[in-house]
Amino acid sequence: MTTTPSAFPTGFLWGASSAPHQNEGDNTNSDMWALEQLEGSPFREPSAKGVDAYNRWQEDIDLVVSLGFTAFRFGIEWARVEPEQGVIDPDALAHYRRIIDYCLSQGVDPVITLHHFSSPLWFAQAGGWGAPEATDRFGAYVSAVTPILEGVTWVATINEPNIFAVMHQMSIPLQYPDPTAVFAQLAEAHGVSDSDAGLNAFSMPAPTEEAARIMLAAHERARAILHEKTSVKVGWTVAIQGLVAREGYEDRLDHYRRIWEDIYLEASRDDDWVGVQSYTSQLVGPNGLEGAPAGSEVTQVGWAYRPDALEMALRRTWEVTGGTPMLVTENGIATTDDTRRIDYTTGALEGLARAVADGLDIRGYLHWTFIDNFEWVHGYDITFGLVAVDRTTFERSPKPSAYWLGEVARSNGATIAH
Ligand code: BGC
């Protein structure tokens, strides 16, 4: 085992990330649930019971603690808190408060996402993010959540607004009487198909300026409400693509950085923190964004195997935000080979350690993901998790990578090796 002197400050957070729709199961009042049931939808299978995290959350936090982690990212599901417009479910709020209380009692810092891709079905059907009232509607939900946030430090308003700016178009079919037909037209118009690569950052249409404007407005509204009513630190979590120009295409790089990342990172200048989410790096060339170079190792979702992308993402984020404190809120690899997961994460953490040593203000590392879960359009065959799950009994089985990362956490990063 190689030992590097720990670059990490005391109190650096180590943990794993999750999201409500991907883990809880039975998110029946959400737009994603509805989309999964549609004929012609790109979802390979429905989310169904998820990994039953809505019921097994205590067991999951116990596992987080036993592995040696000090932070756990999970989300509050708007579709549960407000299943019908204007109707706040006190049981849902009490449920999430119990999770927060339990985390705090176990010495686990909860990192909470208020919106992770899924919205209530009523919101989607009432025009979704395209409706003029979208920001007010989101703000009302955020206000309803504020009473349960006491004692919480880290709150992300919206997960990956730059990816979501695209994804939110997916709920448009739900606004029409014949959603399946509209879905097909939309997919064709955008070139989004149920291909092997599925829907991901490489196959998606670029986020529009209008979508970006909406995301920024929703984030600013949520931030104002949270600052007024709570003492949490507010940020959002941004997908950073590790973009690099082929020689001669630097101007294109500027363009893609602007529309995919910089608009969102500039908004983070006024935030208390920013979540950095990194998986791979992409070239920008004559045809725009490129997929994995021919012959390179790719992950289950077709992304190039690039452990170095995290360091690139952290340095880029630091530069564009001008020094907003960062948390790595997602970093990981879709693979069935857990030795590649350890290798990938070792490389990513070495880059993280260098960034910390260079003085970048990074407060923690949360791996994506804790338990193999519902990987959106791809369904359950794609495994990003540190922990495997039996899809019938929901029994959790930590993989070697979970124990390995737990040891890294216990040593505060002093032992980053295989
Ligand atoms: C999302 C997660 C997703 C992960 C892997 C991120 O874009 O926040 O929900 O599962 O990447 O694709």
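## Helix 10 and helix 11

Helix 10 and helix 11 cross in a right-handed sense. In this predicted model, helix 10 spans residues 209-229 and helix 11 spans residues 250-267, and their axes come within 11 Å at a crossing angle of roughly 20°. Since angles under 35 degrees count as roughly parallel, helix 10 and helix 11 are therefore roughly parallel to each other.

Helix 10 contributes A212, M215, L216 and R223 to the contact, and these residues meet I263, Y264 and A267 of helix 11. By residue class, the contact of helix 10 with helix 11 comprises six nonpolar residues, no polar residues and one charged residue.

## Overall architecture

The secondary structure of the protein consists of 14 helices and 13 strands. The protein has 418 residues, of which 62% count as buried. Among contacts between residues at least 6 apart in sequence, 80% join residues that are at least 24 apart.

## Helix 13 and helix 14

The crossing of helix 13 and helix 14 is right-handed.

On the side of helix 13, the contact is made by D338, R341, I342, T345, T346 and L349, while helix 14 supplies P400, S401, W404, L405 and V408. The residues in this contact of helix 13 with helix 14 fall into six nonpolar, three polar and two charged.

R341 and D338 are both buried.

A further salt bridge joins D343 and R340, whose closest N and O atoms are 3.3 Å apart. D343 and R340 are three residues apart in helix 13, so about one helical turn separates them. D343 has a relative accessible area of 23% and is therefore partly exposed. R340 is likewise partly exposed, because its relative accessible area is 24%. Elsewhere, salt bridges that share partners join E261, D262, R316 and E319 into one network.

## Salt bridges across the structure

A search of the whole structure finds 26 salt bridges. One of them links the side chains of E24 and R80, with an N to O distance of 2.6 Å. E24 lies in the loop between helix 1 (20-23) and helix 2 (31-37), whereas R80 lies in helix 4 (residues 78-81), so the pair ties together parts that are 56 residues apart in sequence. Both E24 and R80 are buried.

## Backbone features in loops

The loop between helix 1 and helix 2 also holds D26. D26 is not a glycine, yet D26 has a positive phi of about 50°. With a relative accessibility of 32%, D26 counts as partly exposed.

W368 and T369 are joined by a cis peptide bond, with omega about 5°. T369 lies in the loop between strand 11 (362-368) and strand 12 (387-389). W376 lies in the loop between strand 11 and strand 12 and has a positive phi of about 45°, although W376 is not a glycine. The relative accessibility of W376 is 9%, so W376 counts as buried.

Notes
Residues numbered from 1 in each chain as written. Predicted model: local features only at pLDDT ≥ 70, side-chain atom pairs only at ≥ 80, totals over all residues. Heavy atoms only, no water. Left-handed = near helix turned anticlockwise from the far one by under 90°. Helix = DSSP H or I, 4+ residues; strand = E, 2+ residues; numbered from the N terminus. Contact = heavy atoms within 4.5 Å. Nonpolar A, V, L, I, M, F, W, Y, C, P; charged D, E, K, R; others polar. Salt bridge = Lys/Arg side-chain N within 4 Å of Asp/Glu carboxyl O. Buried < 20%, exposed > 50% of the residue type's maximum accessible area, 1.4 Å probe, protein only. Axes fitted to C-alpha atoms, helices over the stretch in contact; angles between N-to-C directions. Parallel < 35°, antiparallel > 145°, perpendicular 65-115°, else oblique.
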